[in-house]
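Subject: Structure handover

Hello,

Here is the structure I promised to pass on. Please open it beside this message as you read.

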Amino acid sequence: GNKMMKVSYQILKECAEFIGSAPLKIQTTNAQEIYNNLQYFKPSELVVFDFRSRAAFESCHIRDSISIPLDSCTPSDIIKFNEKKFIECFVPKSSVAAFKGRKRCLVIMIPFEDPSLNLLSNLPKLFESSENLEVELREDEIALRNSILFTKHLASERHRNTYVCRSGMKSIAEKYP
């Protein structure tokens, strides 16, 4: 997922305003911790959101994870969160109960195909732009941005156990097929 996508200044501005100036705590996890959590927690206690493209998700994903594909989820879908609409668009019937119970669950976000520690250190790029300039972001940057927006939304729901995977789905699949 490194195809470039154009992002308007308006979208960047909406994202930056939603994130706000208050610090947002972003906790990270890795392939080993995810594997351990999948062994330890019951499916009703763990929700995995996958923000990669639909094609990447279909080629490989964690069982029972919920795909929120960067090619169909817009920042507005998260910023103007409407649970009913979100479920209709993204949540398979088999995952609705887990999604609705997310406040009581450990939540893991999968935004990458490949390990991307450098992206996590360059977060401002995903939310800043010079006045009225369009920017180009890679797919993995857009997926990360969407996962950060969703982390912020979950924080507004008083959710504390949200982790962004820094390893990438390839690492998870290679180590734990």
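Below is what was found in it, by topic. Please keep in mind that the model is predicted.

**The sheet**

Start with the open sheet. Five strands make it up, in the order E2-E7-E5-E3-E4, and they pair in parallel. Its edges are strand E2 (27-29) and strand E4 (66-67), each with a pairing on one side only. Three bridges link E2 to strand E7 (residues 162-165), again in the parallel sense. To find that pairing on screen, look for Gln 27, which stands opposite Tyr 163 in E7.

**E1 and E6**

Now turn to another strand pair. E1 and E6 run antiparallel and share four bridges. Lys 6 is the residue opposite Glu 136 in E6. E6 has two faces: Val 135 and Leu 137 are on the covered one, while Glu 136 and Arg 138 are on the uncovered one. In a regular strand, side chains alternate between the two faces of the sheet.

**Helix H1**

Which residues of H1 are buried? They are Tyr 9, Leu 12, Cys 15, Phe 18 and Ile 19. The cover over these buried residues includes E1, H4, strand E6 (135-138) and H8. Just past the end of H1 sits Gly 20, with a positive phi of about 75°.

Lys 13 and Glu 17 are four residues apart in helix H1, so about one helical turn separates them. An α-helix has 3.6 residues a turn, so residues three or four places apart point the same way. Lys 13 is partly exposed, at 34% relative accessible area. Glu 17 counts as exposed, at 54%.

**Other salt bridges**

The count of salt bridges comes to 13. Two others deserve a look.

One joins the side chains of Arg 102 and Glu 83, at 2.9 Å from N to O. Arg 102 lies in the loop between H6 and strand E5 (106-110), and Glu 83 lies in helix H5 (residues 83-90), so this pair ties together parts that are 19 residues apart in sequence. Is Arg 102 buried or exposed? Arg 102 counts as buried, because its relative accessibility is 2% and the cut-off for buried is under 20%. Glu 83 is partly exposed, at 30% relative accessible area.

The other is between Arg 138 and Asp 140, whose closest N and O atoms are 3.2 Å apart. Arg 138 is partly exposed, with a relative accessible area of 25%. Asp 140 counts as buried, at 11% relative accessibility. There is also a network: salt bridges with shared partners join Asp 50, Arg 52 and Glu 113.

**The largest pocket**

Rolling a probe the size of a water molecule over the atoms shows where empty space is left. The largest pocket holds about 530 Å³ of space. Its lining is made of 28 residues, and those nearest the centre are Leu 38, Ile 62, Arg 63, Asp 64 and Ser 65.

Which elements each supply at least two residues of this lining? They are helix H2 (31-40), strand E3 (46-50), helix H6 (96-100) and helix H9 (169-175). H2 gives the largest share, five residues. By class, the lining of the largest pocket has 19 nonpolar, six polar and three charged residues.

**The second largest pocket**

About 190 Å³ of space lies in the second largest pocket. It is lined by 15 residues, and Ile 11, Cys 73, Thr 74, Pro 75 and Arg 145 are the closest to its centre. Strand E1 (4-7), helix H1 (9-19), helix H4 (75-79) and helix H8 (139-156) each give two or more residues to this lining. Its classes are seven nonpolar, four polar and four charged residues.

Best wishes

Methods. Residues numbered from 1 in each chain as written. Predicted model: local features only at pLDDT ≥ 70, side-chain atom pairs only at ≥ 80, totals over all residues. Heavy atoms only, no water. 1 Å grid on protein atoms, 1.4 Å probe; cavity = no way out; pocket = protein on both sides within 12 Å on 5 of 7 lines; lining within 4 Å. Points joined across faces, edges and corners; volume = space filled by probe spheres on them. Nonpolar A, V, L, I, M, F, W, Y, C, P; charged D, E, K, R; others polar. Pairing = 2+ DSSP bridges. Buried < 20%, exposed > 50% of the residue type's maximum accessible area, 1.4 Å probe, protein only. Contact = heavy atoms within 4.5 Å. Salt bridge = Lys/Arg side-chain N within 4 Å of Asp/Glu carboxyl O.
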